[in-house]
Amino acid sequence: MATSQITIPLQGVSLEGELNLPVTAPGLVLFAHGTGSSRQSPRNRYVAGILQQAGLGTLLFDLLTEQEEEAEAFTRHLRFDISFLAKRLSEATLWVLDKTTTRDIKAAYFGSSTGAAAALVAAAELGETIGAIVSRGGRPDLAAGALERVTAPTLLIVGGNDIPVISLNEEAFETLRCEKALRIVPGATHLFEEPGVLEKVARMASEWFCNHLQPMARRS
């Protein structure tokens, strides 16, 4: 299936996204990137391509409007407002599942930086709607109050040279009560820009999602 441009209407705002959802996809992976990034991020687009090759559906979209991003660049008032970002993500998730799918499939989250925290908080609220989570260089510690309520199998991926974030992920890992795994990629820094490491991350994520997202019964 070709990628289609969609507009997600939420309360008072419209969010732009790129949806790729084959009819046989076992699940739909929504990307939740950190503030300052966008759906045009080469890293996220690369990972999305790997997931699509595995037959998974993907949605690359922005949690903030262009105007919000421009204001946030100066004020930095939203990048750590995890409850706000999580609310946007959960509302977008429910809208996309309701309006763009013709059968009951589970959603999943691929989160980066503060977007990973928003994904964990949203997953705690949405429960069984979310089938799996992958965090790439994420800040799960910012979702501390929600970690014990996350039920979706969660994979935390951290760069081996991203020392401060490793300890934050280790602490969050101990708090999680769901099926979980923590994988540290040797030689990788926070953005996984070193040769070959982003492919490793993408393959890990693809395997995790394919193992945990199972097709659900078609709607009658």
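**Entry 1: valine 150**

I started in the loop between β6 (130-136) and β7 (154-159), where valine 150 has its place. Before going on, I noted that this is a predicted model, in which local features need pLDDT of at least 70 and side-chain atom pairs count only at pLDDT 80 or more, while totals for chains, interfaces and linings use all residues. I also noted that residues are numbered from 1 along each chain as its sequence is written, and that side-chain values use heavy atoms, with hydrogens and water left out.

Helices (H or I, at least four residues) and strands (E, at least two) are DSSP runs, numbered from the N terminus. Is valine 150 buried or exposed? Valine 150 counts as buried, because its relative accessibility is 2%; buried means under 20% relative accessible area, exposed over 50%, and partly exposed in between (1.4 Å probe, protein chains only).

I then listed what valine 150 touches, leaving out residues up to four places away in sequence: Leu120, Ala124, Ile133, Leu176 and Cys178. Contact here means heavy atoms within 4.5 Å. I also looked up glycine 127, which is 23 residues from valine 150 along the chain, with 7.2 Å between the two C-alpha atoms.

**Entry 2: the cysteines**

Cys178 turned up among the contacts of valine 150, so I checked for disulfides, meaning pairs of cysteine sulfur atoms within 2.5 Å. I found 0 disulfides in the structure. Cysteine 178 is in none, and its nearest cysteine sulfur, that of cysteine 210, is 19 Å away. I wrote down cysteine 178 as buried at 10% relative accessibility, and cysteine 210 as partly exposed at 32%.

**Entry 3: helices α3 and α4**

Next I turned to helix packing. Two packed helices are described by the angle between their axes and the distance between the axes. For α3 (residues 82-100) and α4 (residues 114-126), I noted an angle of about 60° and axes 8 Å apart. That makes α3 oblique to α4.

From α3, the residues in this contact are Ile82, Leu85, Ala86, Leu89, Ser90, Thr93 and Leu94; from α4, they are Thr114, Ala117, Ala118, Ala119, Val121, Ala122 and Leu126. I sorted the residues of this contact into 11 nonpolar, 3 polar and no charged. Ala, Val, Leu, Ile, Met, Phe, Trp, Tyr, Cys and Pro count as nonpolar, Asp, Glu, Lys and Arg as charged, and the others, Gly among them, as polar.

Arginine 88 is also found in α3. I looked it up and found it buried, with a relative accessible area of 8%. Beyond residues up to four places away in sequence, arginine 88 touches Leu10, Val13, Leu15, Leu63, Leu64 and Glu68.

**Entry 4: glycine 17**

My last stop was strand β2 (residues 13-20), where glycine 17 sits. Glycine 17 is buried, with a relative accessible area of 2%. Leaving aside neighbours within four places in sequence, I listed Ser4, Gln5, Ile6, Arg39, Leu59, Leu60 and Phe61 as the contacts of glycine 17.

Key: Axes fitted to C-alpha atoms, helices over the stretch in contact; angles between N-to-C directions. Parallel < 35°, antiparallel > 145°, perpendicular 65-115°, else oblique.
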